[in-house]
Amino acid sequence: MEIIYHGHSCVQLNANGKSLVIDPFLRGNPQAVTKPEDILVNAVLLTHAHTDHILDAESIAQVNAAPIIAMHELATFFSWKGLEARGMNLGGTMDLGFAKVKMIQAFHSSGIILDDEKRIIYGGMPAGYIVTAEGFTILHAGDTCLYGDMKMIGDRHDIDVAFIPIGDCFTMDPDDALQAAEWFGAKIVVPIHYDTFAPIKQDSVLFVNRLADKGFAGRNMAPGERFVL
């Protein structure tokens, strides 16, 4: 399995000759080195409805004729745009053929903000994902605070890589993310959702060093960086 980090919370997984991308946010991310039109995938997964997680979902799905996988309400929103969208909900699993996707809980908010209309469209509950393919298990926590069931998730799943937000303000801070890493028990922890905007500036190198001090393997990834399991 090949894993590509595109910055912010955007992660691409290549497995069994196919590919999926989670939370594509490239045009609005000044740190991104990849353009939406360069993303070739078979599925687009969304954790929730905020702009910094869905901005490029529509264009990528259209170009690739790829389904959008998301919480039921958010999937319905994209289906109204004429896209193939498959809704699911917390605790459910969807078989994509080349990978299985389980939707797990996240504690956050989820809505599409229409500033010109001063209106917010409800996006359903926020979520994270556990993706299994080629014998590997990848966890994307989504945008979330720390919650106790992370330990249960870690106890029930042998997680190879966990993508965990560390930015603070809108998600966990590094201290809470360290606890999340301990509870998930992943073999490799990759920090995400930091440095894109001023309120979420963090030292990811320090975070990875703090993981090492606790006996956990961390990996600091720059946008566009990839590695193979």
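UniProt lists residues 7-193 as "domain: Metallo-beta-lactamase", in an unreviewed entry. In this predicted model, the end C-alpha atoms of that span lie 8 Å apart. The span is 21% helix and 32% strand.

Turn to the sheet. Its 7 strands run in the order S6-S5-S4-S3-S2-S1-S15. The sheet is open, and its pairing is mixed. Strand S6 (85-88) and strand S15 (226-228) form the edges, each pairing on one side only. From one strand to the next, the twist averages 20°. Helix H3 (residues 72-79) packs on this sheet, where it touches strand S5 (68-71) and S6. The direction of H3 makes about 135° with that of S5. Within the sheet, strand S1 (residues 2-5) pairs with strand S2 (residues 11-15) in the antiparallel sense, over 4 bridges. Here glutamate 2 stands opposite asparagine 14.

Now helix H4 (residues 149-156). Its buried residues are Met150, Ile153 and Gly154. Seen down the axis of H4, they fall within an arc of 95°, so they line one face of the helix. Residues three or four places apart in an α-helix point the same way, because there are 3.6 residues a turn. The face turned away carries the exposed residues Asp155 and Arg156. Cover for the buried residues of H4 includes strands S8 (100-105), S11 (127-133) and S12 (136-140), and helix H5 (174-184).

Last, the core. The largest nonpolar core has 52 residues. Ile3, Leu20, Leu45, Leu96, Leu139, Ile164 and Phe184 touch the most other members. Another core, of 21 residues, lies apart from it, with Leu26, Ala70, Leu74 and Ala75 among them.

Conventions: Residues are numbered from 1 along each chain as its sequence is written. This is a predicted model: local features need pLDDT of at least 70, side-chain atom pairs count only at pLDDT 80 or more; totals for chains, interfaces and linings use all residues. Side-chain values use heavy atoms; hydrogens and water are left out. Buried means under 20% relative accessible area, exposed over 50%, partly exposed in between (1.4 Å probe, protein chains only). Helices (H or I, at least four residues) and strands (E, at least two) are DSSP runs, numbered from the N terminus. The arc is that of the directions from the helix axis to the C-beta atoms. Contact means heavy atoms within 4.5 Å. A nonpolar core is a set of buried Ala, Val, Leu, Ile, Met, Phe, Trp, Tyr and Cys residues joined through side-chain atoms within 4.5 Å. UniProt positions are given in the numbering used here, feature names are shortened, and annotations may be inferred rather than shown by experiment. Two strands pair if DSSP finds at least two bridges between them. Axes are lines fitted to C-alpha atoms, for helices over the stretch in contact, and angles run from 0 to 180 degrees between N-to-C directions.
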